[in-house]
Amino acid sequence: MITGELKNKVDSLWDVFAAGGLVNPLEVIEQITYLMFIHDLDDSDNKREKESAMLGLPYQSIFGEQVKIGEREIMGRQLKWSVFHDFPAQKMYSVMQEWVFPFIKNLHNDKNSAYSKYMDDAIFKLPTPLLLSKVVDSLDEIYALMAEVQDVDIRGDVYEYLLSKIAQSGLNGQFRTPRHIIRMMVEMMEPMADDVICDPACGTSGFLVTASEYLKEKRKEEIFFDRQKKEHYMNHMFYGYDMDRTMLRIGAMNMMTHGVESPFIEYRDSLSDQNSDKDKFSLILANPPFKGSLDAEAVSGDLLKVCKTKKTELLFLALFVRMMKIGGRCACIVPDGVLFGSSKAHKDIRKELIENQRLEAVISMPSGVFKPYAGVSTGILVFTKTNHGGTDNVWFYDMQADGFSLDDKRSLIKENDIPDIIERFHNREKESERARTDKSFFVPKQEIVDNEYDLSINKYKKTEYTAIEYPPTEEIMKKLFELEEQIDGELRALKELLR
C-alpha cells in the first residue's frame, strides 16, 4: 500500500481530473492507464536499446525514424513521452490526439494480440490541452517518486491504489492480493521454464507478472539463451481471464511492460461454458472472487457435478482441477469457510482434493492480510492434480505475521512468517517430527477424513497451557490490607502538609 508523498501525489492527480470535468472513476482510471502505458513504453524502449548496445546486438526501436500514422509518415521520436512532455500544451494535445493515441492503438498489427484486443475500443477522453498538460506533469512527479522508492511492487501498488478509489471496488469480490503474498505463493510453487501458467480470475495480472519476474530472476539463462523457451515465455506461457475490461486492459499492459510480448489475456467468464479449458495448464496461481453476482444457469455443468453450489469460491476450485493437466500444480487463496464449511458442496470439494487429487498444504493466514480493502479470514491451498489420489499427509502452517501490522495502516513490522513458510514448505521431509503445538505440522489423511474433511487448522493444532500458581487467598488479602493502611498513612501525612 502506498503512503506519504506518493499517495498525496496520486490523490492530487485524481483531483486534477475532477477539476477538468472527468469524474467517473472508471474513465479516470482508464485514461491514467493509457498514459502510464505510453510512459512505460518509452521507458521500456530506452531500456532495451541500452541493453542491446551493451551486448553489441542490433535493436529496432518501435519509435523508428519514420512511423506511419494513417496515411501520414512522421518522425517517431515525437511519439516518445520523454520528448512530447516538454511541448507547449496545445502542441502536446495535438500530438497525443492525432499521433500518439492512434499509434498505440495500432502498435501490434496482430489483431489477436492481447494488447490489440483491449485497445481497439480505447478512446482518448481528456477534453482540453490544459488538463493533459497538468496530468502529464503530475505523472512525471509520480514516476520520479516511484523511482526513489526502488520497490519492484510500487507500480502495482499505484495501480491498486487507483482501483481502490472506485466506489464499487469489492462488490464483485475484487480486492487486491498483497504483492508479498503473491510473491510467497510464486516462490512456493517455483515456476519452471516450460510451465503453462494461468490465473482464471486475473484482475490486474498480479500473479502472472510476479511469476514472469520470478522466472527472469531464477531461470534467466535457461529461458533467454534458448530460442524455443524464450518464444514460449513471450507468447505461450501466460494466460489470464477476467470479466472486467478495465482490469483486463490494465492486466495486459502490465504484462507487456514487464517484458512479456504477447500474454493471452482474455475477456471470459471462467465458470461458464464459455471456458472450455481442460487438462491444459501446468500451474495455476489465483485469488478467485469470494462473492458477487453469479449467473447460476451459465455455470458449466461439469463443475456442478463436482460440487452443486452457487458459491464461486467452491466452483473455482472445481474449475482449477479441470483446467490443469495431470501433474499440474495449484496454489490458490480461499476464504476460511472453504476449509471448514459443513454444507454438502463444501465437503464434496474438499473430498475431491483429498481423495482424487493430492492435497499438499494448507496455510492459514490472519484476517488482517487483506486490510484495508477487506477483513476476511483466508487460507492458501496447495495441491497437485493426479486424478487418482495421492494425499498422504497434509502440511499445515499457522501464519501469524506477514511483515505488516494487521490493522488498516499495514505498517512494516519485524515479525514475518513468510520466509519460514517458504523454507519449510520446500523442506517438508524435515517436518515430520514437529509437534501440533508448533506453527507447522503434518496431519495424516485418515485423521482429516475422520473429521469430515475439515481443513481448519484449529481442528488439529494443540495449545499448550502453562499452569500459573497464585498465593493463597489469605496471603493476597493480607497484602491488600497492608497496602490500604499504607495509602491511609500517606493521605494523613499529605493532609498535615496542607494545613
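Let me start with E190, which sits in the loop between helix 8 (179-189) and strand 3 (197-199). Helices (H or I, at least four residues) and strands (E, at least two) are DSSP runs, numbered from the N terminus. The phi angle of E190 is near 45°, a positive value in a residue other than glycine. E190 counts as partly exposed because its relative accessibility is 34%. On the terms: buried means under 20% relative accessible area, exposed means over 50%, and partly exposed is in between, with a 1.4 Å probe and protein chains only.

Before going on, the ground rules. This is a predicted model, in which local features need pLDDT of at least 70, side-chain atom pairs count only at pLDDT 80 or more, and totals for chains, interfaces and linings use all residues. Residues are numbered from 1 along each chain as its sequence is written, and side-chain values use heavy atoms, with hydrogens and water left out.

Now the overall picture. The chain has 19 helices and 13 strands. Its C-alpha trace spans about 100 × 80 × 50 Å along the principal axes. Of its 499 residues, 50% count as buried.

Where is the other positive phi on my list? Y453 has a phi near 60°, again in a residue other than glycine, and Y453 is in the loop between helix 18 (445-450) and helix 19. Y453 counts as buried because its relative accessible area is 12%. I457 is found in the loop between helix 18 and helix 19 too, and at 7% relative accessibility I457 is buried. The structure holds 15 aromatic pairs. Rings of Phe, Tyr and Trp (its six-membered ring) pair if their centres lie within 6.5 Å; planes under 30 degrees apart count as stacked, over 60 as edge-to-face and the rest as tilted. F316 and F320 both lie in helix 14 (residues 312-323), 4 residues apart, about one turn of the helix. Both are buried. Elsewhere, Y34, Y93, F101 and F124 form one aromatic cluster.

Last, the surface patches. Patches are made of residues with over 30% relative accessible area and no salt bridge; like charges are joined within 9 Å, and nonpolar side chains (Val, Leu, Ile, Met, Phe, Trp, Tyr) within 5 Å. A salt bridge is a side-chain nitrogen of Lys or Arg within 4 Å of a carboxyl oxygen of Asp or Glu.

Which residues make up the patch of negative charge on the surface? They are E482, E484, E485 and D488. D488 is in helix 19 (residues 473-497), and D488 is partly exposed, at a relative accessible area of 35%.

There is also a nonpolar surface patch of I476, M477, L480, F481 and L483, with about 460 Å² of accessible area together. M477 lies in helix 19 and counts as partly exposed at 38% relative accessibility.

The positive surface patch is formed by K47, R48, K220 and K230. K230 lies in helix 11 (residues 227-235), and K230 is partly exposed at 36% relative accessibility.

Key. Accessible areas come from the Shrake-Rupley method with a 1.4 Å probe; for residues, only the protein chains shown count as cover. Lys and Arg count as positive and Asp and Glu as negative; His and the chain ends are not counted. The place of a charge is taken as NZ of Lys, CZ of Arg, CG of Asp or CD of Glu.
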